[in-house]
Amino acid sequence: MHMINVQKIKKDFPLFTRKIHGKPIIYLDSSATALKPQSVIDAMNFYYTRCTANVFRGIYTISEEATKGYEEARTLVAQFINGKTEEIVFTRNTSESLNLIAYAWLPYHPYSKKSSVVSTILEHHSNFVPWQQKAKELGIGFGIVKLTSEGTLNINDIEKLVDINTVVFAFTAVSNVLGTITPVKKITKMVKKINPHCLVVVDGAQAVPHMPVDVRDWGADAVAFSSHKMLGPSGMGGLWMKKELLEEMKPFLYGGDMIKEVHETETVFNDVPHKFEAGTPFIEGAFGLGAAVKYLTKIGMNNVREHEKALTMYAMEKMSSLDGITIYGPKDIDIKAGVLAFRVQGVHPHDVAQLLDRDNICVRVGFHCAMPLHEYLGIGPTVRASFNIYNGKDDVDALVEGLKKVKKMFSK
């Protein structure tokens, strides 16, 4: 399997020059947020130092440069996931992208008391709570697809829960806890066969940064993702949605630049995607996201996936050799992303994370914004280690040594 030259990559990420108590940082929390390469920081600084101005509004050089950078980012993102430029709406993050659909599409779509929204037990709260709450508000059903014993979505549940009255089917491409990679294309085909009018919404937050994503091939209606998970800045996200759906969807926020004309009695809204981008956007964020997409494109998303596959396999082997450690999720590396949620027998996850922190090993602990999943599995909080292109086998070795120390301390 292909492994990226991690030492070379690490040089691109300024955070690794920092030492805490004389020791390097071992960052294993990329599922929460990814580190930023210098090129992303430089792109944002370029906006701040060379062309700070509002977009679309100024007929002067620096405003035109700002607009060009902002719109170039949209095109880069569209190419990255094989969408069309006008199908990319910039939001703050995946959560906002999903809420946009829940608020601006679902309530205006024809529904009845027989209607339902279906999500899955694998979901991050952002692709669960909006649908749960909107279903309650509208007085329609809310179905939840459960799992097989391998930690994959139960296909039989989809066939049982999705019917001709299902208005939205929302599911994740990759679980941020179990690392399960769902067969998006297969599931989308299944849902559309049962009900061609059902809106298929995919949470792509953990997929877009870690593997090749082709939204056209997936066949879904909408895919949400976040910049901060794909080496870009926080506060910047995206929603890819089929153009005809964006055109029929109502605006969610009203204000500057989502408007063509305003008269005393009526308003003409802007064309998509600008119809959904009210007010001054996060311009520097777009510059940063554009640079992140360029950086990932240069490495190649197939290479990113292969690297993380090899690293995850290595980590599962190493960690499985320790007694009393339970790793959750699929064992099959072809359907598992670089995410390892685990528990250490007899040790609270918070204690595990605190002790690992003594060696600057950064892991996440808790329910990872997926509490229904933890409840369904019948477990409390978990420790989560997640990988990216700047992680190598030495990081896994450090984690394993850290876990040995944890076990030793608690065996006394």
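Me: What do the pLDDT numbers look like for the protein chain?
Reply: The chain averages a pLDDT of 97, and 99% of the residues score at least 70; pLDDT is the predictor's confidence in each residue, from 0 to 100. As this is a predicted model, local features need pLDDT of at least 70 and side-chain atom pairs pLDDT 80 or more, while totals for chains, interfaces and linings use all residues. Residues are numbered from 1 along each chain, and side-chain values use heavy atoms, without hydrogens or water.

Me: Switching topic, which residues line the largest cavity?
Reply: Val55, Phe56, Arg57, Tyr70, Asp257, His274, Glu277, Gly279 and Pro281. A cavity here is a set of points on a 1 Å grid over the protein atoms alone where a 1.4 Å probe fits but cannot get out, and lining residues have an atom within 4 Å of a point.

Me: Ok, arginine 384: buried or exposed?
Reply: Arginine 384 counts as buried because its relative accessibility is 0%, and buried means under 20% relative accessible area (1.4 Å probe, protein chains only).

Me: What does the side chain of arginine 384 reach?
Reply: The backbone oxygen of asparagine 176, at 2.9 Å.

Me: And which residues does arginine 384 touch?
Reply: Leaving out residues up to four places away in sequence, the list includes Leu28, Asp29, Asn176, Val339 and His368. Touching means heavy atoms within 4.5 Å.

Definitions and conventions. On a 1 Å grid over the protein atoms alone, a cavity is a set of points where a 1.4 Å probe fits but cannot get out, and a pocket is an open set with protein on both sides within 12 Å along at least five of seven lines; lining residues have an atom within 4 Å of a point. Buried means under 20% relative accessible area, exposed over 50%, partly exposed in between (1.4 Å probe, protein chains only). A polar contact is a pair of N or O atoms within 3.5 Å; within protein, one must be able to donate a hydrogen and the other to accept it, and residues adjacent in sequence count only if both atoms are side-chain atoms.
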